Amino acid sequence: GNLVPKRESGIYYRSMVKQAYTFSSFLTSIGVANWLNTGTALGAIRDKKVVTQDFDFDLGVWHKDVKKIHDLPNNIKAKFKIFFWHLDSSKNWYTEKKVAVDNGGLPIDIAEYVEQGDLAFPVSDPRLICKKKIFEDLKKIKFYGFNFYVPRDSIEYLRAIYGPKWQKPIPRREYVEEFHIGDFWYSHCNL
């Protein structure tokens, strides 16, 4: 379906980020490294807030750790509202179940990163390729008052994903046209 960004208040976003922090902290406690990813990392680093009209909260994890999430007891899955879904296999080479968390109006999308030599990319979109070392060396930042991990060289990461002008918000359509990410990423909101 169509993803429609919400126009919400700062209090709403802080509440959603707090829930994401609780989940992120839980992942860390069970040995699953995780970090702010894509649009959420962009907002946290560039804007110090959720990107206006964003429709999800992005966390990255290593693909090899996803089994730990799949193997959680059902009561833990229910507590965090973890669910699993399939990507459209006709458009993606990844056929396993993706992990997500129902986090109210700002669901948590878990991007599973695969290592290939000295590179890493999310299994759901290999076009978002980066140097593996970016995700191996993480640092903590405050985001709405909560500690989250981000790549230590966040600038290199954001340049790799959003190009050299990552510091200037641009319409999502312009981003798609420039980086050829695909129709899925198009909406009327800005990055």
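Tutor: First, a definition: helices (H or I, at least four residues) and strands (E, at least two) are DSSP runs, numbered from the N terminus. This is a predicted model, in which local features need pLDDT of at least 70 and side-chain atom pairs count only at pLDDT 80 or more, while totals for chains, interfaces and linings use all residues. Residues are numbered from 1 along each chain as its sequence is written, and side-chain values use heavy atoms, with hydrogens and water left out.

Student: How many helices and strands does the protein chain have?

Tutor: There are 7 helices and 9 strands.

Student: What makes H6 a helix, and which residue follows just after it?

Tutor: H6 runs over residues 154-162, and a run counts as a helix because it has at least four residues of H or I. Just after H6 comes Gly163, with a positive phi of about 85°.

Student: How do you know what span to expect of H1?

Tutor: The expected span is 1.5 Å times one less than the number of residues. H1 (residues 10-29) has 20 residues, and its reach of 28 Å from first C-alpha to last is close to the 28 Å expected. Just after H1, Gly31 has a positive phi of about 85°.

Student: Why is Pro151 called buried?

Tutor: Buried means under 20% relative accessible area, exposed means over 50%, and partly exposed is in between (1.4 Å probe, protein chains only). Pro151, a residue of strand S9, is at 0%, so it counts as buried. Leaving out residues up to four places away in sequence, Pro151 touches Leu36, Ile134, Phe135, Asp137, Leu138, Lys139 and Tyr157, where contact means heavy atoms within 4.5 Å.

Student: Is Lys48 buried or exposed?

Tutor: Lys48 has a relative accessible area of 58%, so it is exposed. Lys48 sits in the loop between helix H2 (38-47) and strand S2 (57-62). Its phi is near 60°, a positive value in a residue other than glycine. Lys81, in the loop between helix H4 (74-80) and strand S3 (82-86), also is not a glycine and has a positive phi of about 60°.

Student: Why is H2 called largely enclosed?

Tutor: H2 is largely enclosed by the rest of the structure because 9 of its 10 residues are buried. Among them are Thr38, Leu42 and Ile45. The buried residues of H2 pack against strand S1 (34-36), S2, S8, S9 and H6.

Student: What puts the buried residues of H6 on the same side?

Tutor: The buried residues are Ser154, Tyr157, Leu158, Ile161 and Tyr162. They cover an arc of only 100° around the axis, so they lie on the same side of H6. The arc is that of the directions from the helix axis to the C-beta atoms. An α-helix has 3.6 residues a turn, so residues three or four places apart point the same way.

Student: How do you know that S8 and S9 pair?

Tutor: Two strands pair if DSSP finds at least two bridges between them. Strand S8 (residues 138-143) and strand S9 (residues 146-151) have 6 bridges, in the antiparallel sense. Lys139 stands opposite Val150 in S9. Their hairpin has 2 residues between the strands, and Tyr144 there has a positive phi near 55°.

Student: What makes S6 and S7 a pair?

Tutor: S6 and strand S7 (residues 130-131) have 2 bridges and are antiparallel, which meets the requirement of at least two. Ala120 stands opposite Cys130 in S7.

Student: Which residues touch the most other members of the largest nonpolar core?

Tutor: A nonpolar core is a set of buried Ala, Val, Leu, Ile, Met, Phe, Trp, Tyr and Cys residues joined through side-chain atoms within 4.5 Å. The largest has 49 residues, and Phe23, Leu36, Phe57, Phe135, Phe143 and Tyr157 touch the most other members. H1 gives the largest share of this core, 8 residues. Neighbours within four places aside, the contacts of Phe143 include Val17, Leu36, Phe57 and Phe148.
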